[in-house]
Amino acid sequence: MSGACKIAVLAATALPGSVYAQTYPLKPIRFVIAQAPGGQNDVQARLIGAKMAEALGQPMVYDNRSGAGGQIGFELLAQTPPDGYTIAMGSISTLAVIPMMPRKPRYDPLRDFAPVTLVSTSPYVVTAHPSVPARTIKQLVALAKARPGAIAYATSGIATGIHLTTELFMMTAGINMVHVPYKGGAPAATDLIAGQVAVMFNNVITAVPHVKAGKLRALAVTTAVRSPALPEAPTVAESGYPGFESNSWQGIVTRAGTPGPIIARLNGEAIRVLQLPEVRNPIVSQGNDIAASSPEAFLAYMRSEMDKWGKVIKAAGVSGE
């Protein structure tokens, strides 16, 4: 084939994608939320999606696909065309923990999805029922060592960020507590408030109102620095476990293979929207930090989180059964 022919073939191959990206979007965009309405992922997705839709000139259609810890929504995304017309709000659980479990989901974040942007990060709050005779992390550890296997801790389910963070803490502190998994954070928090379980590494949005009402006691937060939502609560690291850190996080992904210019358009609009007061303020008021990023930075963060939690899963023997 002559050089001129090769150039013509390459130009013809590249043209449809570049033209497509220039005209995108031409129809509504589906925003998959792998959680029931009202949850943190749902709230953030709708805040961001509404303003992105205004800028993109097309409606945003929200598709809540809860179930199986979020796997159902991401299995759906993995089957969609790589055209930028389906995006999804992911989390530490769906994009970093579940994919590293021995029983793999029917998707691989690194193979099937293209990162758009990290959205937010937030701490987990180590909360205890007021009847628990511990007001600090050191006292909780001492109690757990004195009563090995007797303290029950709640989670929002097996292989969630809450579960793995608790496992990491138990390994770090050298303690053993009994896992009581629930089908979601709301019923877990309800039983914690009722005293049916003693401890929970709670999402900040769930924990703060109950801590302020005196229904729960905050022992610490899991981030590297204190949370503005609970400034009086020390970090786990400053409570005697230097280097301990765990963040809950959310981020937007689309289908792998989506043209780069479309991903860049989605990324640019999402970052712009996250700086708007009407979007930023509600997210921050719920105890989150805005963490908008480039697709490349989000991919690197996903890889590091998958590596971190994969090691915890293996060391703790978490099977998912």
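Student: Okay, at what angle do helix α2 and helix α11 pack?
Tutor: Keep in mind that this is a predicted model. In it, α2 (residues 40-56) and α11 (residues 277-285) pack at an angle of about 175°, and their axes are 10 Å apart. Angles over 145 degrees count as roughly antiparallel, so that's what α2 and α11 are to each other.

Student: Which residues make the contact?
Tutor: From α2 you've got Q44, L47, I48 and K51, and from α11 there are E278, V279, P282 and I283. Sorted by class, that contact has five nonpolar residues, one polar and two charged.

Student: What about α7 and α12, how do their axes cross?
Tutor: The axes of α7 (residues 161-173) and α12 come within 10 Å and cross at roughly 65°. The crossing is left-handed. On the α7 side, the contact uses L164, T165, E167, L168 and M171, while α12 brings K308, W309, V312, I313, A315 and A316. By class, those residues divide into eight nonpolar, one polar and two charged.

Student: Let me pick on A315. Is A315 buried or exposed?
Tutor: A315 is exposed, because its relative accessible area is 57% and the cut-off for exposed is over 50%. A315 sits in helix α12, which covers residues 295-316.

Student: New topic! Where is Q58, and is it buried or exposed?
Tutor: Q58 is in the loop between α2 and β2 (60-64). With a relative accessible area of 18%, Q58 is buried, since buried means under 20%.

Student: So what does the side chain of Q58 reach?
Tutor: It reaches the backbone oxygen of L26, at 3.4 Å. If you leave aside neighbours within four places in sequence, Q58 is in contact with P25, L26, K27, P28 and A53.

Student: P25 is on that list. What kind of peptide bond joins Y24 and P25?
Tutor: A cis one, with omega at about -5°. P25 itself is in the loop between α1 (3-23) and β1 (29-33).

Student: Then what's the phi of A159?
Tutor: Near 70°, which is a positive value in a residue other than glycine. You'll find A159 in the loop between β5 (152-155) and α7. A159 counts as buried, at 7% relative accessibility.

Conventions:
Residues numbered from 1 in each chain as written. Predicted model: local features only at pLDDT ≥ 70, side-chain atom pairs only at ≥ 80, totals over all residues. Heavy atoms only, no water. Axes fitted to C-alpha atoms, helices over the stretch in contact; angles between N-to-C directions. Helix = DSSP H or I, 4+ residues; strand = E, 2+ residues; numbered from the N terminus. Parallel < 35°, antiparallel > 145°, perpendicular 65-115°, else oblique. Contact = heavy atoms within 4.5 Å. Nonpolar A, V, L, I, M, F, W, Y, C, P; charged D, E, K, R; others polar. Buried < 20%, exposed > 50% of the residue type's maximum accessible area, 1.4 Å probe, protein only. Polar contact = N/O pair within 3.5 Å; in protein donor to acceptor, adjacent residues only side chain to side chain. Left-handed = near helix turned anticlockwise from the far one by under 90°.
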